[in-house]
Amino acid sequence: VVGVSAVGVAGVEMWKDYFTRCFEGFENIYIMADNDVKENGENPGLRLANRIIDALPWARIIYLPAGEDLNSTVLKQGPQYVLDLLKPPVDEDEPPF
């Protein structure tokens, strides 16, 4: 969508443990799950992102705007907005002292 290789998971319950091996050897993995909170307070996209983080602890969750998925974010904000989300946080590269 924005010039970055991507893999999609077709639904929250579709992540399988054996998918993990497909990501071994990749240094940078970004999880961009839908960010739509349901009426009951659940956020299925965040639940999926957390399942993936449990399997791929070196991955990083990229939080999309509330109520949005990747496609709607690109359409509303533009590709550069999404690319900017992938940049490391400013303090991530600073020494821990």
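Of the 97 residues in the protein chain, buried ones make up 28%, where buried means under 20% relative accessible area, exposed means over 50%, and partly exposed is in between (1.4 Å probe, protein chains only). Before going further, keep in mind that this is a predicted model: local features need pLDDT of at least 70, side-chain atom pairs count only at pLDDT 80 or more, and totals for chains, interfaces and linings use all residues. Residues are numbered from 1 along each chain as its sequence is written, and side-chain values use heavy atoms, with hydrogens and water left out.

What does the chain look like in terms of secondary structure? There are three helices and two strands, and reading along the sequence gives you β-α-β-α-α. The helices (H or I, at least four residues) and strands (E, at least two) are DSSP runs, numbered from the N terminus. If you want a box for it, the C-alpha atoms fill one of roughly 40 × 35 × 30 Å, taken along the principal axes. The accessible surface of the chain comes to about 6900 Å², and 55% of that belongs to carbon and sulfur atoms; these areas come from the Shrake-Rupley method with a 1.4 Å probe, and for residues only the protein chains shown count as cover.

Now for contacts, meaning heavy atoms within 4.5 Å. Take those in the protein chain with a separation of 6 or more: residues 24 or more positions apart account for 63% of them. On the charge side, the chain has 8 positive and 16 negative charges, and their mean positions are 6 Å apart. Lys and Arg count as positive and Asp and Glu as negative, while His and the chain ends are not counted. Each charge is placed at NZ of Lys, CZ of Arg, CG of Asp or CD of Glu.

In soluble globular proteins, nonpolar side chains tend to be buried together. Here the largest nonpolar core has twelve residues: V12, W15, F23, I29, I31, A33, L48, A49, I52, L56, A59 and I61. Helix α1 (residues 44-55) gives the largest share of this core, three residues. A nonpolar core is a set of buried Ala, Val, Leu, Ile, Met, Phe, Trp, Tyr and Cys residues joined through side-chain atoms within 4.5 Å. Pick out I29: leaving aside residues up to four places away in sequence, I29 touches F23, L56, W58, A59 and R60. A6 sits 23 residues from I29 in sequence, and their C-alpha atoms are 9.4 Å apart in space. You'll find A6 in the segment before β1 (30-31), and A6 counts as exposed because its relative accessible area is 69%.

Let's move on to helix α2. Which of its residues are buried? They are S72, T73 and V74, and what covers them includes α3 (79-85). S72 belongs to helix α2, residues 70-77, and counts as buried because its relative accessibility is 18%. The S72 side chain also makes a polar contact with the side chain of E68, at 2.4 Å. A polar contact is a pair of N or O atoms within 3.5 Å; within protein, one must be able to donate a hydrogen and the other to accept it, and residues adjacent in sequence count only if both atoms are side-chain atoms.

T73 is buried too, with a relative accessible area of 1%. Not counting residues up to four places away in sequence, T73 touches L64, P65, E68, G78, Y81 and V82.

L75 and D17 are 58 residues apart in sequence and 32 Å apart in space, C-alpha to C-alpha.

Finally, look at the ends of α2. D69 caps the N-terminal end, with a side-chain oxygen 3.2 Å from the backbone nitrogen of N71. After α2 comes G78, whose phi is positive, near 95°.
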